[in-house]
Amino acid sequence: MPQVATTVTPCVKTVEELRVIEISFYDHEYYAGKQLIATITHDDDLTQPWVVMVNDAEVHRAATPMLCHRYICWEYKRGTLPVQQEALGATTGNEVMCEIAAQCEQFGFELLDDGIYKDEQKLGSIGCTEGKWWVIRATSVHQQKVPCDSPREAVWVLSMVELTQPSREELLDKPFDELTPQEWERLREYQPVVERELVAA
């Protein structure tokens, strides 16, 4: 039987290698070149809390971030991942965090996962939704978003938050394991008031 030489062409097209940027433990962005193609985030679902988002819509849900990673890579290589629509002037989560961090540094604030702090007291949080900046003060009863024109203005709004120091009596009622180093120092300086009986002349 004669042998015939054949040429095999791969069925999977070659694609750009994906780049992953970790925004926080719970948020990751996936890029092909400079194009954002998907994000992974986390919610409170008990069995499948990890979510793949494309165009702000859920496209996949899994029990671990690694399963979401595999889904994005597999669907992207097959060409079946929904196409991320790039809005004009869109700002990625990473760019937003960089701008907020830069402004916090100028004001001497500390940027943590759950908000912005000064001297271990939470001032509030800042974000950007569809290109519109907002701030939520920690002291706000209803936690309403206050619109701002820029990250600088948002951080400036937080700088106006009055930091209230608890009284020494309040510190004595607070559990010791919840006291900050500054509060411990204030307690060290505490001297109880001695009541003196007034002697009638």
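The following legends describe close-up views of a predicted model.

**View 1. Pairing of strands S8 and S9.** Six bridges join strand S8 (residues 121-129) to strand S9 (residues 132-137) in the antiparallel sense. Among the paired residues, Thr129 has Lys132 of S9 as its bridge partner.

**View 2. Lys145 and its surroundings.** Lys145 belongs to the loop between S9 and S10. Its charged end sits over the ring of Trp134, 4.4 Å from the ring centre. Apart from neighbours within four places in sequence, Lys145 contacts Thr129, Trp134, Val135 and Ile136. A separation of 9.2 Å lies between the C-alpha atoms of Lys145 and Trp133, which are 12 residues apart along the chain.

**View 3. The largest nonpolar core.** This core comprises 16 residues, of which Leu18, Ile37, Ala38, Ile40, Val52, Ile72 and Leu81 touch the most other members. Two or more residues are given by each of strand S2 (27-32), strand S3 (35-42), strand S4 (50-54) and helix H1 (65-78). The largest share, five residues, comes from H1. When residues up to four places away in sequence are not counted, Leu18 touches Tyr30, Tyr31, Ala32, Ile37, Ile72, Cys73 and Tyr76. A second, separate core has 14 residues, including Phe109, Ile126, Trp133 and Ala154.

**View 4. Aromatic pairs.** Four aromatic pairs are present in the structure. The ring planes of Phe25 and Tyr26 stand at 85° with centres 5.0 Å apart, so this pair is edge-to-face. Phe25 is exposed because its relative accessibility, 54%, is over the 50% limit. Tyr26, at 41%, counts as partly exposed. Ring pairs link Phe25, Tyr26 and Trp50 into a cluster.

**View 5. The stacked pair Phe107 and Phe109.** These two rings form a stacked pair, at 5.8 Å centre to centre and with 25° between the planes. Phe107 is partly exposed, with a relative accessible area of 24%, whereas Phe109 counts as buried at 11% relative accessibility. Phe109 is also among the residues of the second core.

Technical notes: Residues numbered from 1 in each chain as written. Predicted model: local features only at pLDDT ≥ 70, side-chain atom pairs only at ≥ 80, totals over all residues. Heavy atoms only, no water. Pairing = 2+ DSSP bridges. Helix = DSSP H or I, 4+ residues; strand = E, 2+ residues; numbered from the N terminus. Core = buried A, V, L, I, M, F, W, Y, C linked by side-chain atoms within 4.5 Å. Buried < 20%, exposed > 50% of the residue type's maximum accessible area, 1.4 Å probe, protein only. Contact = heavy atoms within 4.5 Å. Phe/Tyr/Trp six-rings, centres within 6.5 Å; stacked < 30°, edge-to-face > 60°. Lys NZ or Arg CZ within 6 Å of the ring centre and 35° of its normal.
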